[in-house]
Amino acid sequence: MTEDLMVTVLPDGTVMLSVRLKTSVFCWVKLGRFPFDRQQCHLIMETWRYDTTQLVLNWEVESPVTAALNDNSWVPYLTEYKLLKIIPHSSEHYVEPISLDPTSTYRYTSLTLTFLLAREYGFYIMDYYMPGILLVTISWVSFWMAPDATPARVAIGTSTMLTYFQLGIDTGSKLPNVSYIRSNDLWFIVCTAFIFLSLAEFAFVNTIWRYGCHPVKLKSKSNKQMFKSSIKASKMSKGIVNNEQPQQTIAAGGLFLDRIRLQNNGTTELNAELPYTMEMKAMGKVKFKVSEESARQLHGGLTTTAQQISIWIDEKSRIVFPASFILFNAVYWSLLWV
């Protein structure tokens, strides 16, 4: 219940007074780079009662601060940080402003210790970042499933989304609330966006798939034209002939043709499997619907189907999503380690 004091009188008449104190202090931290942040915590020891004419504080010359800093040492009171360095600042004189007497020049001494701390991020790598990468990767499994596999693809998207939400809540609940975006918040937002986009990609692909095998005209079989056709999915159902008659296959002049009777004008439409020939015009009221290769040769374009576009989107997503995520990781980790 008394102060822990030790008074030593040396042979030369020097009196050494030692006081043992145990205290808990707080440190203002900046969490912008969490969990890869480094903090500078300052411990200030000063005397406000005695001015510089009565007391001056100075650091010991040889070993002002004693602490375990080597890698083999164990610091029991630091569980989340690694103590990098302790910097003792020289004694300086500070002027205490007194509101009652602005002209006062009261000065006192102050000693400052600066602790350089680095957070141990191994826990967050194993329990936050690695699970996030695995969940984002799992959400891409749906790209290898059929576009009409609705239960399986919806289950994968929603389960990964909910699991990652729970992971982010568990990690964020242990941190103080701040008004700025931390590095782990940026990681959470981007990973959530990737999982959401994979689920939105399925909704988009499944919508196009429902239009079936109805033909879609393309100027060229390029990625740009395929992408434009996928955006105009709502127009794919146009041109569908109502009350279609059963198709019959006939042979004419060495061509295998599929005949469709149209009710509007009484003509017959023939789907030619070989290139269109001028001699077939002599057959009367006959319209020719030539093959894809013939359409490309005659009109400079191609014909595809809605289902083929859905499969094409899934195939491109297998490349675009991983490549984008790898690019994000390269930028994210490079900025953290700069």
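**Cavity and pocket linings**

Trainee: Which residues line the largest cavity?
Mentor: The model is predicted: local features need pLDDT of at least 70 and side-chain atom pairs 80 or more, while totals for chains, interfaces and linings use all residues. Residues are numbered from 1 along each chain as its sequence is written, and side-chain values use heavy atoms, without hydrogens and water. On a 1 Å grid over the protein atoms alone, a cavity holds points where a 1.4 Å probe fits but cannot get out, and lining residues have an atom within 4 Å of a point. The largest cavity is lined by S139, S142, R153, I156, G157, S198, L199 and F202.

Trainee: Which elements give two or more residues to the lining of the largest cavity?
Mentor: Elements are DSSP runs numbered from the N terminus: helices (H or I, at least four residues) and strands (E, at least two). Those giving two or more residues to this lining are helix 2 (150–172) and helix 3 (183–209).

Trainee: How much space lies in the largest cavity?
Mentor: The whole structure has one cavity of 30 Å³ or more. The space in the largest cavity is about 40 Å³.

Trainee: Which strand gives the largest share of the lining of the largest pocket?
Mentor: A pocket is an open set of points with protein on both sides within 12 Å along at least five of seven lines. The largest pocket holds about 2100 Å³, and T23, L43, M45, L113 and F115 lie nearest its centre among 48 lining residues. Strand 2, strand 3, strand 4 (81–95) and strand 5 (107–119) each supply at least two of the lining residues. The largest share, seven residues, comes from strand 3.

Note on methods: Grid points are joined across faces, edges and corners, and a volume is the space filled by probe spheres set on the points.
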